[in-house]
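Colleague: Could you walk me through this model?
Modeller: Happy to, here it is.

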Amino acid sequence: MENTTNNENNVCYNPECKKRKCYDPEHYNFICMDPDCENIHCENNKHYNKNLLKEYQEHTDFSVYEHKEDIDYSKDVKVSICSCGDCHDDDSQNQEDNSVDVCTDEECTCHSNKEHDADCHDDDCCCDDDDCCDDECSCHDDDCCCDDDDCCDDECSCHDDDCCCDDDDCCDDECSCHDEGNIKICNCGDCCDDDDDEDVIQEGIPLIKNRSIQIIVSSGLLFVIGHILEYFSVYNGIPATIVFALGAVIAGYDIAVMAKNALKRHNISPAVLMCIAAVASFLIGHPEEGAAVTFLYFISEFLEDYSEQRAQHSIKSLVEIAPETARVKVGNSEEIRSIDTVKINEIVIVKPGDKVPLDGKVISGVSTINQASITGESVPVTKRVDDEVFAGTVNQEGYLEIKVTKAAKDSVISKIVTLVKNSQLNRSHTETLVEKIAKYYTPIIVIITACVAFIPPLFFGGDLVSWVYRALSLMVISCPCAFLISTPIGMVSAITSATRKGVLIKGSSYVEEMRKIKAVIFDKTGTLTEGKLQLTDIVLLSDNYSENDLLRIAASLETKSNHPIGKAIKTYAEEQNVELNEIEQFKDVPGKGIVGEINGEKYYAANESLIEGSDFNVSNDDVVKYVNDGKTVVFIGNKTEVIGIIYVMDKIRDESKNVIENLNKSGIKTIMLTGDNKIAAHAVADEIGINYVYSNLLPEDKLNILDTIRNKFGDVAMVGDGINDAPALARANIGIAMGAAGSDVAIETADIALMQDDLTKLPYLFKLSIKTDNIIKQNIVTALSIKFLFVILAILGLITLMMAVGIGDLGLTLLVILNSFRIGIVKDPIF
């Protein structure tokens, strides 16, 4: 069978249409392909030629949409949301290759394209190899080394926070750039100085034994005692001043350390502002205000650290899902081994109540598995022989023997952990904008504060102490922490919340982009349908062959194919005990069918696109009779005739109709793509309410249609299985992979992965994106509005320092954190 379809043919199979060549858009729901045509439905048949897009595509840069990146899952990911210039954790992903291609200083270009800049290796930057790439650089001389865990010189500054070592442990004790897998919320410049080796609230010990709580309690008691002493004017207030000073020292010690480190980096951070305000308060006779500044600011920092701790624990909880040991079957016995030592193809035993230790396939036993940790699916799933199981899922009742298919580091849960950490690197536009503003925010505030403090006294005769006090209030109010954490804490809440529901989002940029989507493109098989095709009918058209011959030829051809239709035919043939033939000269014609030789005679199994335009006379009634029910037609034939037709059918997902209805009501256009015939495609689309249908597609057609949809409607999301749809998933504004738990390709290709085959997570994603955006806007507007109001009040002298730090900093920080936690309670709009 050598005939192929002419691109200009467009055979209509609408039962009410008498035209064999028909371009009526109402019969296909086609969208005009001409980029210059303003119409969506267009009756100009020339506008439905995919070649119209060719010139447009040749002159358009689509790389801005392609998010796919290669991820090395064998390397630990050390993430910092903080972009203050102190925490350069990104280099950790380059440590194992012993290269110096990427400099750890963002402003340094010495390692780009493997070229060296002579100015690169001052004290702010160092190499990750023994040999420095600058001959005149002294950072690797005998007095200092960067290539080992311990720095040889106590005074060596090569490992400031702007620089990192080539190992996990930094050789500078005060440097936190190598903290393991940390998530940083605040971008203020201080947060990277925290001691992240110890949680602010440690589990398993009494609350009062936590250092941060001890500081808050002791400093708070001293603050209260100081006010009591001040009220009674004991010894003219000297004891009160001493008590206030002691409280300020206790609460302010860590703040002072952060300020010192910031100044070493030539950076004016909020900690520097707070130290200035506290010291100046004592100097101008307001010790209670100085104590209040340190006490309340410490609480504010504590709240930020605690919110970061919650985010970090959400990642750690994923890591802890998988057990550390496995029962490995050895002969007729078993032994307990670390999961890292279990090899692929070894057999592990999972008893009732145990967690599955590694990804694998069931080879013996039947049981129900709770997969909520991977897919977010609350209902246990029955697993039988040959079914996939995932590490970290819980075996509920039966005895299972599982053949390991992936090493521990390659398991689905390990990849989820890595991708969730990586998600913090794909920052949204809002986060980037906030960080740019923050870069200039604090220096501007310092200048304004100095002007408020000294211009009125010097030029207008104002009282120096009074105006310095107002300036200090202004300085404290202007601390940017609440503003800076407003976006990242919201994004972290959204991503971790989605992960717990079985939705893997690879970056905050995709959370933000999701609400901008105007159209969603669905692949049909395996997305809107279950992807489990069954052979339903066989129609014999030739007297020269029997029904058994037809099935034998079809199943033999499909032995060389991995297409779901082929699997359905082979399964049916096995059930009928049909003996198969060897196939020679096999050829797969993408989007059309397959061709091969049996005993020297050529046969084909194809859809109608392979025989359109040929001399074969296939009754239109034979096609329409079955495809009106949504069945897929497969023609079986040889060089001279069509032997017969096989029909297969795929069950529509139960939730598809509700999901499409929800999207349509939200004003989002829905489009279905399929290689199936027109009538079968429309039968499915009509049942679930899809807006537009494209059928008889070749694989490359999906990119053309995606570009067409984007031209007509705007930003587009593509939903598919991540294998055949990989190019379209990468090309869409957002690629969403279905059932990614069983597909490495889907996890790596898509921007968002639905870990189970659950379309209801799609409306959830839109709702999550919209709510996240609304809450972040609330946080930003509230923070800026209140700070602006307090700035005016501070200049007018209407607020105290205590009010400034208590409301303008601590109060706002608490408000932003609590408001962001609301993102975690977004519910599925379908239910």
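Modeller: First, a term: two strands pair if DSSP finds at least two bridges between them. Helices (H or I, at least four residues) and strands (E, at least two) are DSSP runs, numbered from the N terminus. This is a predicted model, where local features need pLDDT of at least 70, side-chain atom pairs count only at pLDDT 80 or more, and totals for chains, interfaces and linings use all residues. Residues are numbered from 1 along each chain as its sequence is written, and side-chain values use heavy atoms, with hydrogens and water left out.

Colleague: How do β5 and β6 pair?
Modeller: Strand β5 (residues 367-370) pairs with β6 in the antiparallel sense, over three bridges. Threonine 368 sits opposite threonine 382 in β6.

Colleague: What is the strand order in that open sheet?
Modeller: The order is β6-β5-β8, three strands with antiparallel pairing. β6 (381-383) and β8 (394-395) are at the edges with a single partner strand each, so one side of each has no neighbour in the sheet.

Colleague: Switching to helices, how do the axes of α2 and α3 cross?
Modeller: Helix α2 (residues 211-231) and helix α3 (residues 238-264) have axes that come within 8 Å and cross at roughly 160°. Axes are lines fitted to C-alpha atoms, for helices over the stretch in contact (heavy atoms within 4.5 Å), and angles run from 0 to 180 degrees between N-to-C directions.

Colleague: And what about α21?
Modeller: Helix α21 (residues 761-795) has 35 residues and reaches 50 Å from its first C-alpha to its last, close to the expected 51 Å (1.5 Å times one less than its number of residues). Just after α21, glycine 797 has a positive phi of about 75°.
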